[in-house]
Amino acid sequence: MIEEIRSAIAAARGIVILTGAGVSAESGIPTFREAGGLWARYRPEELATPQGFARDPRKVWEWYEMRRRAVLACAPNPGHEAVARFLRRREDVTVLTQNVDGLHHRAVTGVDEEGPFPLDGSSARARILELHGNLLRSRCSECEVAPAGEPPDHPAALNVDSLESLPRCEACGALLRPDVVWFGEPLNEELLDRAFAVARAADLCLVVGTSAVVHPAAGLPLATRETGGSVCEVNPEPTPLTSFSTWSLRGRSAALLPQILGKTDPSR
Ligand code: BV8
Ligand code: ZN
């Protein structure tokens, strides 16, 4: 099956790669829905919703600050690196990630140049769409202004011990919040339109490491199918997308992505 998928990748014009928490699992970041995953220990409606934040902003910030430190202590894994190299090799590839850990960006910055025509990192980074935002960034909970000068990928450690110590907006004084999309909140419209446009135009959608239960992201592979494209799933488990997939590879992304995305011959 691997060779079939590699041929389909070589023949495809326009590829989207939809990724979920499973891609970051092998970097040590717990997934959401598996036993012992993030949601097992916390209730999403308590923490990943505007109501949860309004009810107890300190508790929500405690959870996100813990996740920020965990993400910053992690490194991209071979699955992220295979995607990063592929992005840098082909301009017709777009990553649509549900992950908020920023590891795809870090992998693009981290991989070495690959001949013969390596694309520069900025073009590759511009083709990573973070559909649910990035937990390393903050924004104002009222006026949406991002804090001035906050380094996008190395936020300073926050003191989350009391309501008074939580970060506030310099422009309006309201609480800052993590720059992620919570349940019940709409995704950025322009980003979502762009994601569905590239998914519709793609010949192939790779769906990697997602349980495909969160919408509207889970609808993206169907957009590729509906316009005549193929879907290839990479996941140790079946998902609601398995029956729509042309290929469904059972296995871990860190092992399988280098095999299906790796360079074929030196000229490519
Ligand atoms: C919206 C940011 C409307 C926060 C996240 C009923 C039906 C359909 C939809 C809904 C419904 N009820 C409510 C909704 C809408 C809701 C939704 O989809 N709910 C689901 C749970 C039913 N969606 C929303 O609320 C969205 N907004 O609809 O707005 C609207 C419109 C206008 C005006 C107002 C409102 C917003 C959704 C975004 C939520 N934010 N994250 C944060 O992270 O803190 S979602 C969160 O879940 C993460 O982003 C995560 O990525 C995402 C999806 O989870 P997965 O990535 O798939 O992770 P999971 O653990 O589930 O699965 C891991 C998979 O990896 C598994 O399959 C496993 O087998 C596999 N795996 C494990 N190890 C590996 C592996 N694979 C490969 N290799 C490995 N080694
Ligand atoms: Zn503000």
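Author: Strand E7 (residues 230-234) and strand E8 run parallel and are joined by three bridges. Within this pair, Val-234 has Leu-249 of E8 as its bridge partner. Two strands count as paired if DSSP finds at least two bridges between them. Helices (H or I, at least four residues) and strands (E, at least two) are DSSP runs, numbered from the N terminus. This is a predicted model, in which local features need pLDDT of at least 70 and side-chain atom pairs count only at pLDDT 80 or more, while totals for chains, interfaces and linings use all residues. Residues are numbered from 1 along each chain as its sequence is written, chains are lettered from A and ligands numbered from 1 in the order in which they are written, and side-chain values use heavy atoms, with hydrogens and water left out.

The pair belongs to an open sheet of six strands with parallel pairing, in the order E3-E2-E1-E6-E7-E8. Strand E3 (128-130) and strand E8 (247-249) are the edges; each has a single partner strand, so one side of each is left without a neighbour in the sheet. From one strand to the next the twist averages 15 degrees. Axes are lines fitted to C-alpha atoms, for helices over the stretch in contact, and angles run from 0 to 180 degrees between N-to-C directions.

Two helices lie across the strands. Helix H12 (residues 253-261) lies across E1, strand E6 (204-208), E7 and E8, at about 160 degrees to E6. Helix H8 (residues 103-110) lies across strand E1 (15-19), strand E2 (93-97) and E3, at about 155 degrees to E3. Contact here means heavy atoms within 4.5 Å.

H12 also packs against helix H1 (residues 2-11), with an angle of about 55 degrees and axes 9 Å apart. H1 and H12 are therefore oblique to each other; angles under 35 degrees count as roughly parallel, over 145 as roughly antiparallel, 65 to 115 as roughly perpendicular and the rest as oblique. H1 contributes Ile-2, Ile-5, Arg-6 and Ile-9 to the contact, and H12 contributes Leu-256, Gln-259, Ile-260 and Leu-261. These residues divide into six nonpolar, one polar and one charged, where Ala, Val, Leu, Ile, Met, Phe, Trp, Tyr, Cys and Pro count as nonpolar, Asp, Glu, Lys and Arg as charged, and the others, Gly among them, as polar.

The loop between E6 and helix H11 (220-226) holds Pro-216, which is joined to His-215 by a cis peptide bond with omega of about 5 degrees. Ala-212 lies in the loop between E6 and H11 and has a positive phi of about 55 degrees although it is not a glycine.
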